[in-house]
Amino acid sequence: MARLSEENVRLAKEIISRYPRARSATIPLLHLAQQQDGHVTNEAMAHIGELVGATSAEVYGTASFYEMFKFEPVGKYLINICGTMSCALMGAEELMHHAEHRLGVKLGGTTDDGMFTLERAECQAACTEAPCLQVNYRYRFRVTDADFDSLVDDLKAGRLNDEIPAHGTVARVRQHIPVDRGVGAVPPEDVTEAPTWMDGKAAL
Amino acid sequence: MTTTEPTPEVVVDPNAINLTINGRPVAARKGELIIAAADRSGDYIPRFCYHPRMSSVGMCRQCLVEVEGPRGPMMVVSCMTPVAEGQVVRTETDQVKRAQEGIIELLLANHPLDCPVCDKGGECPLQDQAFSHGPGESRFIEEKRHYEKPIAISDLVLLDRERCILCDRCTRFADEVAGDALIHFTSRGNNTQVQTFPDEPFSSYFSGNTVQICPVGALTAQPYRFKARPWDLEKTESTCTTCSVGCRITLESSRDELLRYQGVDSDPVNHGWLCDKGRFNFESVKSDARLSNPLVRDGASLVETSWSSALSTAASIITSALRSGGATRVAILGGARGTNEDAHAWAKLADALAIDSVDAQLGDGLPAAVLAYSQATIDDASRASTIILLSPDLKEELPILYLRLRDASEKKRSRILEFAPKGSGLTRYAWKSVPYMPGNQATVVASTLSESAVSAQMAKGSVVVVVGRSNLAESDEYTMAALDAVMAAHPSATVLPVLRRGNVRGALSAGLGRRDAVDILTDAANGEIDCLVLVGSDPVADFPDTDLARRALAAVPNIIAVDTFATASSTKATVLLPAAAFGEKDGTTTNLEGRVTRLARKVTVNGTSRPDWMVALELADILGHDLGATSVAEVHADLVSSNPVFGPATRAALSAHPDGVVLAPLATVTPTPVAPPVAEKPGFGHRLVVGRKLYDNGRNVSESPSLAPLAPGSALHMHPLDLERLGAADGASVKVSGDRTSIVMNVVADDSVQRGTVWAAWAQSGANIGELIDATKWVNDVKVETL
């Protein structure tokens with residue numbers, strides 16, 4: 001916990017090797033840290049700083065720009081209910097109210113069992129399907145109170161495990177770019193020829 | 001009539017650019033920014049984020065001006081737009097004014113109008129420009145932003161976030177100039193704020209500069225906060241003498257009390273920056289522990305007396321010492337912390353009495369011969385294609401020189417080739433950092449310089465050798481031998497000596513380096529000195545070999561100390577004379593490159609303290625020697641006329657050149673090659689390396705309440721693998737033994753320390769590493785054992 005695990009350090013080094021400059025890997029590594037712990041810990045940010053050659057303050061400055069990096073523990077399922085215009089007109093406020101009662105937490109809070117965090121979100125670009133919400137950034141459309149209840153029941157019972165992984169999971173299958181298919185860590189200004197696997201099909 | 005005179009060839013400067021600002025032609029250089037060109041032409045453009053010593057970011061948008069374009073006038077950000085040939089710039093049109101007023105109105109939407117209680121009020125760029133370039137009133141009626149006030153981002157700097165206008169000056173300074181990116185913008189949009197990493201303070205040696213460049217009152221310094229209003233401050237320009245870089249500063253006081261130092265932008269020296277030690281140690285000048293009246297020994301105690309009686313006691317001590325055994329029975333140590341005039345007066349007194357045992361350094365510097373090599377200035381070093389470091393950790397000892405050399409490396413002007421017994425602040429910027437075992441540096445230097453890649457690099461352009469004392473626990477001859485090795489490989493190299501004390505170069509040039517302090521103290525310990533005069537020096541605390549210093553002072557029957565504070569050495573004094581401190585006396589000082597600049601008096605002396613030069617003149621007078629001067633101006637005139645080294649530093653020259661006059665190399669000494677024996681690796685134990693940290697037990701830190709807690713304390717640094725082999729945990733207590741004695745210290749794992757060596761900081765509270773240093777040895781080895 002906290003700092004990146006040995007396996008993740010190995011992955012981190014592979015990710016860093018894809019960039020001409022190590023600090024370009026900061027955001028992918030933050031995702032890796034969030035996948036490991038469910039949120040980005042201070043220790044992980046300091047560790048990322050060591051890996052990419054930046055200070056902890058620089059990593060924190062970059063990370064805190066993005067809403068989707070969490071610095072406090074959140075539930076296994078992060079539920080974002082849209083509260084922008086279309087959803088608001090179609091009953092988002094009432095849905096939020098119901099959700100607060102159903103989960104027993106206020107907006108922004110996490111249930112005692114660590115399963116759910118409830119948040120209000122800005123427009124999720126599904127205005128035709130209002131009111132909508134996202135669970136770990138997976139959509140649910142035209143959500144009624146009953147839909148919400150059954151969603152919570154399904155999540156608790158693990159019936160949606162295949163569709164919705166725990167918060168922070170970027171991908172359950174990580175792709176490894178074979179060395180011969182990578183463009184290599186060459187600064188763009190120094191690239192003189194197309195990667196070999198392109199067989200000259202693309203001109204520079 | 002025909003003329004044979006050829007028509008003069010018209011030379012077109014390819015970098016010259018001609019533009020028009022507000023209808024007047026302005027000559028500029030290619031790549032220059034509109035705002036910089038306008039500054040020169042006298043057309044003031046308001047700005048918050050632009051700073052001429054940092055890169056432009058265009059954060060605040062306050063410097064919008066109108067530039068004539070193909071589709072009519074357009075608004076550009078003048079701190080981001082370079083000048084162009086034929087460009088037509090207008091800075092005062094209605095459109096520009098509307099834009100500038102709009103920006104001010106938006107900045108003030110959230111900025112509190114708490115100017116009456118804000119430290120910056122009265123010297124605030126936002127306040128000033130709100131008046132000069134603002135709309136006069138705001139249309140915003142909404143509640144302003146509130147934050148917890150203030151948050152401490154370091155031990156010295158506080159941040160009031162609601163005042164911040166996000167100009168990026170402090171964060172840019174931390175990253176670009178200081179290289180300590182410990183503060184950064186966090187969050188986004190309306191929540192953006194400057195923050196440190198949680199629980200990791202902005203503990204940069206340069207943090208005070210962010211307070212000076214903050215264009216609002218968001219950043220304030222703990223020592224100055226709520227102490228004065230800017231319009232009550234009286235200012236005078238002077239030179240910092242905390243170390244030998246000699247940064248230009250203003251001394252600012254109110255009601256005869258020093259309250260603040262600010263950096264002045266001196267192009268050849270400090271570029272406006274100061275280190276925190278130099279900036280905040282004004283607190284020590286007004287310390288209650290200062291001596292205020294002369295003290296003369298009466299039995300076991302020192303009693304206050306008048307100057308006349310103290311001086312006649314001092315004179316009779318000197319007279320009886322001279323009578324009993326001649327001039328060899330009297331010695332003078334110190335003088336490197338005063339002014340050139342102080343040093344000159346003491347040197348003249350030593351001349352008059354034919355005293356030869358005089359040293360301004362305390363066995364912790366280098367022989368004066370280092371000043372006789374072909375000399376380089378700081379500018380030369382920062383423009384050299386190769387900078388060779390044979391120096392202590394510049395970040396710890398001469399912080400602003402560290403900034404200049406770091407900048408040279410970061411801007412790709414110079415490559416740094418470092419030779420060091422331990423990793424330093426510049427190691428991460430070095431092109432090549434070569435570690436050596438103390439005692440072997442000349443060999444390592446010679447073999448490294450013979451590598452083809454290194455000699456190819458050195459052949460590219462000028463080479464400057466930065467040379468100083470990197471280890472107090474070895475003979476200074478090793479450094480000189482390493483310097484000779486560089487000069488042998490590259491005879492055209494120039495030397496930048498980095499002796500540390502404020503005016504050590506002035507003191508040595510004035511003639512206060514006649515005999516090595518090690519020899520003087522050895523004589524004293526053998527009972528061959530009857531009278532020791534300490535001019536602002538404290539051998540017990542400052543001489544590397546503590547045991548020798550103690551024995552020497554115990555064996556001298558009479559000590560005369562001239563100092564601002566009572567010290568470990570002056571407790572044994574027969575006469576203790578209070579000296580005027582920095583800021584309390586006029587004069588000139590000489591920095592490490594030989595640059596003479598003026599020092600100014602800002603406040604009245606503490607008690608009846610007198611400047612060192614005056615003490616020397618009065619003593620001389622009682623002893624029957626007229627030194628021919630009665631004021632600091634006359635001492636200076638005498639220095640310039642009688643000492644050819646100081647010849648160019650006349651009053652008129654110093655008035656004409658506020659940045660100072662650079663002296664020629666010291667011609668009175670000749671470098672003689674030295675060949676100290678190569679010290680092989682310690683077969684048993686560890687080689688001792690002793691260096692310095694910026695904050696130590698020195699009086700200007702320990703008597704400054706804001707700085708004193710920053711000294712790290714005594715610890716033994718050891719490579720993690722050596723530590724593992726020893727079987728001690730990080731932080732454990734260990735026994736460290738030399739030949740004479742052993743001390744107990746906490747051990748710290750530090751991978752900048754070489755294997756086979758241990759490193760300790762000089763003059764820290766806790767165990768004194770000086771107990772283990774034997775100044776008569778070439779190198780010192782110690783044995784480390786677990787308890």
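**Hairpin in chain B.** I began with the hairpin of β14(B) and β15(B): two residues lie between the strands, and G299(B) has a positive phi near 70°. This is a predicted model, where local features need pLDDT of at least 70, side-chain atom pairs count only at pLDDT 80 or more, and totals for chains, interfaces and linings use all residues. For bookkeeping, residues are numbered from 1 along each chain as its sequence is written, while chains are lettered from A and ligands numbered from 1 in the order in which they are written.

I noted that β14 (residues 295-298) and β15 (residues 301-304) of chain B run antiparallel and are joined by four bridges. Strands here are DSSP runs of E, at least two residues, and helices are runs of H or I, at least four residues, both numbered from the N terminus. Two strands pair if DSSP finds at least two bridges between them.

I then checked what else β14(B) pairs with. It is antiparallel to β25 (residues 575-578) of chain B, over two bridges, and V296(B) stands opposite V575(B) there.

**Helix α16(B).** Next I looked up the helix at residues 517-525 of chain B. Its buried residues are A517(B), V518(B), I520(B), L521(B) and A524(B). (Buried is 20 or more other C-beta atoms within 10 Å of the residue's own, with C-beta atoms placed from the backbone.) They span an arc of only 165° around the axis, so they are on the same side of α16(B); the arc is that of the directions from the helix axis to the C-beta atoms. The cover over these residues includes β16 (330-334), β17 (357-359), β23 (531-535), α17 (539-542) and α18 (546-555) of chain B. Just after the helix, G527(B) takes a positive phi of about 75°.

**Where the chains meet.** I found 12 residues from chain B and nine residues from chain A in the contact. (Contact means C-beta atoms, placed from the backbone, within 7 Å.) On the chain B side, the largest share, four residues, comes from strand β8 (residues 183-186).

**Domains.** Chain A gets domain 1 (6-71) and domain 2 (77-157), with 29 Å between their centres, taken over C-alpha atoms. Chain B gets domain 1 (16-92), domain 2 (295-365 + 504-662), domain 3 (368-497) and domain 4 (686-786). For chain B, the centres of domain 1 and domain 2 are 53 Å apart, taken over C-alpha atoms.

Definitions and conventions
Domain bounds come from an automatic or database domain assignment. A residue is buried if 20 or more other C-beta atoms lie within 10 Å of its own, exposed if 12 or fewer, and partly exposed in between; C-beta atoms are placed from the backbone. Two residues are in contact if their C-beta atoms, placed from the backbone, lie within 7 Å.
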